[in-house]
Amino acid sequence: MTLLANILIDGIAYGMVLFIISVGLSVTLGLMRFVNLAHGAFAMTGGYLASWLIRAQGWPFAFGAAGAIVLTGLLGVAIEALVLRRLYRMPELQQVLFTIGLSFLFVASANLVAGPEVQLIPLPSWLRDPIDLGIRTLPAQRLLVVLAGLLVMMISVLIMKYSRFGIWLRATVDNTQAASALGIPVEWVYALTFGAGAALAGLGGILGAELLPLEPYYPIKYLVLVLVVVAVGGMGSVAGSMLAALVLGTIDTASKYLASDWGSLFYFLVMALLLAWRPQGLLSPGRT
Amino acid sequence: MNAFMRIKAAPYLLIGLVGATIYFFFPAQLPLASRIATLAIFVMSLDLVVGYGGLATLGHSALFGTGAYTAGLLALHSTPNPLLGLLVGGASGATVAALSGLFVLRYQGLTFLMLTIAVGQIIQNIASKFRAWTGGDDGLSGFTTAKILGLATFDLQGRVAFLYCTGVLLICLWMMRRLMGSAFGLACIGIHQNRLRMAALGTEIQPKLLTLYGFSGWFAGIAGALSAQVNQIVGLDTLGFELSAEALVMLVLGGAGSLFGAIAGTALFTTIHHVASNVDPYHWLFVIGAMLVCGVLIPRERWGALMRARP
């Protein structure tokens with residue numbers, strides 16, 4: 001019983017981390033039709049910046065994390081506005097090559113700046129202590145991850161559905177020229193959306209630093225995990241990504257607890273079965 | 001030069017010439033050249049699927065690794081005959097390709113790509129689990145390779161290995177050129193260009209793609225078996241995602257859809273990797289990353305203009 005509860009708690013926390021990192025990729029891939037294989041690099045950047053701000057600059061955890069997320073978002077906006085914007089009309093293979101090259105540059109830069117060792121983000125005492133929920137005690141860090149995942153999901157769905165910016169985004173994605181003619185600042189919409197995705201990836205990188213250790217090869221190592229979540233969830237579907245991340249995160253955690261010598265076999269087995277069952281993703285937003 | 005390239009045997013002569021130059025003038029580079037020849041067969045087999053068939057895959061190393069492990073196990077438990085090892089390695093690669101192709105080829109685009117990754121990861125995890133057979137993380141070793149054609153055994157300078165690899169490369173290149181120049185190969189190119197129109201013309205899409213995938217698995221298996229015989233060890237990395245991704249980068253660097261491009265891309269990538277990683281294992285990522293980024297940002301026409309501008 002305790003084992004089952006542990007698997008569920010760790011699995012859900014792991015799934016939430018996967019979800020927070022992958023939601024930005026789901027939007028760029030599904031709505032903007034841009035294959036961004038450098039997405040993991042933003043998660044790494046967020047984690048590295050947080051580690052630097054908190055450890056080297058002595059900022060408190062919350063401020064360091066917030067600063068790192070903002071900086072990662074700005075970096076995302078800058079990269080989108082400077083180069084990625086030119087790639088939207090190129091064929092997919094070119095986008096794949098460019099973003100793989102970009103990931104390589106991030107890997108090499110991370111090593112150059114911080115060295116090959118794993119970067120740690122020290123947790124403050126209010127996150128290290130367990131919290132008594134009445135039924136059982138949980139590590140506060142797990143609770144924070146789960147809460148953050150739910151918040152990200154709620155806020156992004158609300159913004160996409162009801163806010164002025166969400167309407168602009170959907171209009172821009174449906175027909176860029178018409179949206180532009182109606183006075184929507186399409187370039188800003190693309191840049192801000194990309195920046196928000198990058199910032200969320202940064203948040204995921206910080207929160208998941210214990211599960212996905214921050215090292216220079218991070219962008220390439222965990223890219224597949226994130227791509228799997230997006231493909232299984234359905235590109236462009238935020239709720240689908242959440243569902244896929246929770247299912248796959250729980251499966252992976254369970255197989256680590258119960259059958260660790262099989263490695264990540266079950267993760268990919270379940271992924272293959274889910275994709276075979278629903279090739280467009282669990283909750284495809286109905287676009288093809 | 002153009003008139004020379006029109007001669008049927010020209011590509012083989014050119015490779016032979018480059019091979020002879022390396023053999024006689026750069027004997028210290030023979031192990032690197034053997035590695036390039038082995039990988040070139042693998043990248044050409046990837047080219048059949050990606051460049052000709054138009055199916056982007058990131059799980060191709062599963063076929064390479066299967067061939068490598070099969071050849072290693074055959075040499076360890078049954079016979080050290082190298083040519084038999086190549087044939088059995090190729091057959092095992094073709095079998096895995098055909099079986100997995102039955103499943104993954106039903107899907108297209110990103111779904112196909114993700115499923116090939118899944119198949120590759122599943123096979124790698126199975127290989128890691130059955131450590132009694134595969135040696136797990138330590139790799140499969142302790143097997144020997146008999147004399148090539150009963151003539152010569154591998155020497156320390158790697159001369160025999162180099163000649164052997166180059167010979168297999170030439171034979172595979174010839175076979176693949178014949179295959180893709182046949183009516184079957186042209187039909188595959190047609191499917192890549194316009195699936196619907198080929199179906200309307202009466203071509204059966206799925207069987208054609210499955211055959212293509214099987215042939216690709218055959219050549220990937222041969223490449224894997226060759227690498228097992230030359231290196232005398234098979235590691236789990238032969239089944240890994242990194243190998244698939246690197247092979248794709250090599251292919252695109254040289255130009256997908258051209259077998260010579262596949263060879264050139266492999267030679268370029270492997271040489272840069274060798275030189276730059278001697279300095280620092282991370283520095284070469286700067287080089288290859290910059291090459292990829294610039295290659296995309298500067299369109300090909302402008303490269304052509306730059307080349308033409310020179311007298």
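**Close-up views of a two-chain predicted model**

View 1. Met16(A) is buried because 27 other C-beta atoms lie within 10 Å (buried: 20 or more other C-beta atoms within 10 Å of the residue's own; exposed: 12 or fewer; partly exposed: in between; C-beta atoms placed from the backbone). The model is predicted: local features need pLDDT of at least 70 and side-chain atom pairs count only at pLDDT 80 or more, while totals for chains, interfaces and linings use all residues. Residues are numbered from 1 along each chain as its sequence is written, and chains are lettered from A and ligands numbered from 1 in the order in which they are written. Met16(A) belongs to helix H1 (residues 2-30) of chain A (helices are DSSP runs of H or I with at least four residues, numbered from the N terminus). Beyond its neighbours within four places in sequence, Met16(A) is in contact with Val145(A), Val146(A), Ala148(A) and Gly149(A) (contact: C-beta atoms, placed from the backbone, within 7 Å). Val152(A) is 136 residues from Met16(A) in sequence, with a C-alpha to C-alpha distance of 9.7 Å.

**View 2. Packing of H3(A) and H9(A).** Helix H3 (residues 61-82) and helix H9 (residues 186-207) of chain A pack at an angle of about 140 degrees, their axes 7 Å apart (axes are lines fitted to C-alpha atoms over the stretch in contact; angles run from 0 to 180 degrees between N-to-C directions). Residues of H3(A) that meet H9(A) include Ala65(A), Gly73(A) and Glu80(A); among those on the H9(A) side are Tyr190(A), Gly197(A) and Ile206(A). By class, this contact has 17 nonpolar, six polar and one charged residues (nonpolar: Ala, Val, Leu, Ile, Met, Phe, Trp, Tyr, Cys and Pro; charged: Asp, Glu, Lys and Arg; polar: the others, Gly among them).

**View 3. Side of chain A that touches chain B.** In the interface, 28 residues of chain A are in contact with 27 residues of chain B. Helices H4 (92-114), H11 (223-233) and H13 (265-277) of chain A each supply at least two residues of this side of chain A. The largest share, twelve residues, comes from H4(A). This side of chain A divides into 22 nonpolar, five polar and one charged residues. The predictor gives the complex an ipTM of 0.80 and a pTM of 0.85.

**View 4. Helix H11 of chain B.** H11(B) (residues 205-231) has 27 residues and reaches 39 Å from its first C-alpha to its last, close to the 39 Å expected at 1.5 Å a residue (expected span: 1.5 Å times one less than the number of residues). Of its 27 residues, 19 are buried. Just after H11(B), Gln232(B) takes a positive phi of about 65 degrees.

Methods. Contact = placed C-beta atoms within 7 Å.
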